[in-house]
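Here are my notes on the model you passed along. Have it open next to you while you read.

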Amino acid sequence: MTLTPMCLCLLTRRAPDGRREVLLGRRKKLGFGTGKVVGLGGHVEPDETPVQAAARETAEESGLIVAVGDLREIANVTFRFPVKPAWDMQVAVFVGDRFSGDARETEEIAPRWYPIDDLPVQNMWDDNQYWLPQALAGQRIQAEFVFADDCETVATSRITHA
């Protein structure tokens with residue numbers, strides 16, 4: 001089965017106290033990942049590049065506008081679910097700190113700014129604890145995660161730094 005092309009957009013900012021924050025959101029809609037805190041993103045449509053999809057999904061899920069040129073690819077992550085191969089995906093992850101607007105709740109996502117040094121990994125997909133802090137620290141990541149039969153916990157992982 002082929003991997004579904006997906007994207008994530010991690011917008012960052014400085015909080016008033018000087019700490020760096022990242023915009024994540026609690027997934028509200030029923031279906032894949034409901035209730036989890038996730039990065040903004042989704043499917044890459046056939047007529048767009050992953051970075052175009054990241055900018056589009058960010059606007060759709062948070063109301064924030066980010067220019068494609070203000071995003072840089074920081075990670076490429078493969079997710080495999082052996083008991084649910086339809087969930088297998090290839091995710092291009094982008095980061096940026098230039099955007100306009102104010103984050104607002106949408107039908108799919110309840111966005112919130114989280115301190116990068118205190119990510120809510122206990123409420124996220126299991127893989128995030130392994131790669132997300134490294135990516136947000138500026139390390140270029142190539143990774144593959146294979147999930148256990150529960151489709152929740154990571155069974156095996158491979159992370160390299162490009």
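1. Ground rules first. This is a predicted model, so to speak of provenance: local features need pLDDT of at least 70, side-chain atom pairs count only at pLDDT 80 or more, and totals for chains, interfaces and linings use all residues. Residues are numbered from 1 along each chain as its sequence is written, and side-chain values use heavy atoms, with hydrogens and water left out.

2. Fold. The protein has two helices and nine strands, where helices (H or I, at least four residues) and strands (E, at least two) are DSSP runs numbered from the N terminus. Read from the N terminus, the order is β-β-β-β-α-β-β-β-α-β-β. The radius of gyration is 15 Å, close to the 15 Å that the globule rule gives for 162 residues, so the protein is as compact as a globular protein of that length. For the record, that radius is taken over C-alpha atoms, and the rule is 2.2 Å times the number of residues to the power 0.38. Along the principal axes, the C-alpha atoms fill a box of roughly 45 × 35 × 30 Å.

3. Packing and surface. Buried residues make up 46% of the 162 residues; buried means under 20% relative accessible area, exposed over 50%, and partly exposed in between (1.4 Å probe, protein chains only). Take the contacts (heavy atoms within 4.5 Å) between residues at least 6 apart in sequence: 63% of them join residues at least 24 apart. The protein exposes about 8200 Å², with carbon and sulfur atoms supplying 50% of it; the areas come from the Shrake-Rupley method with a 1.4 Å probe, and for residues only the protein chains shown count as cover.

4. Charges. There are 18 positive and 24 negative charges, and their mean positions are 3 Å apart. Lys and Arg count as positive and Asp and Glu as negative, while His and the chain ends are not counted. Each charge is placed at NZ of Lys, CZ of Arg, CG of Asp or CD of Glu.

5. Aromatic pairs. How many aromatic pairs does a search of the whole structure find? The search gives eight, with rings of Phe, Tyr and Trp (its six-membered ring) pairing if their centres lie within 6.5 Å; planes under 30 degrees apart count as stacked, over 60 as edge-to-face and the rest as tilted. One of them, Phe79 with Phe147, is tilted, at 6.4 Å centre to centre and 40 degrees between the planes. That pair links distant parts of the chain, since Phe79 sits in strand E5 (residues 72-80) and Phe147 in strand E8 (residues 141-147), 68 residues apart. Phe79 is buried at 8% relative accessibility, and Phe147 is buried at 3%.

6. Phe81 and Trp87 pair edge-to-face, 5.3 Å centre to centre with 80 degrees between the planes. Here Phe81 is buried at 1% relative accessibility, whereas Trp87 is partly exposed at 28%. Phe79, Phe81, Trp87, Trp125, Tyr130, Phe145 and Phe147 form one aromatic cluster.

7. Cys151. Have a look at the backbone here: phi is near 60 degrees, a positive value in a residue other than glycine. Most residues other than glycine have a negative phi. Cys151 is in the loop between E8 and strand E9 (154-161) and is buried, with a relative accessible area of 6%.

8. Glu57. Not counting residues up to four places away in sequence, Glu57 touches Cys7, Gly41, Gly42 and His43.

9. The E6–E7 loop. Arg104 lies between strand E6 (89-96) and strand E7 (109-115) and is partly exposed at 44% relative accessibility. Beyond four places in sequence, its contacts are Ala59, Glu61, Ser62, Gly63 and Pro111. Ser100 is in that loop between E6 and E7 too, partly exposed at 40%, and touches Gly63, Leu64 and Ile65, leaving aside neighbours within four places.

10. Leu119. This residue lies in the loop between E7 and helix H2 (128-136) and is buried at 11% relative accessibility. Leu119 touches Val22, Leu24, Leu132, Pro133 and Leu136, not counting residues up to four places away in sequence.
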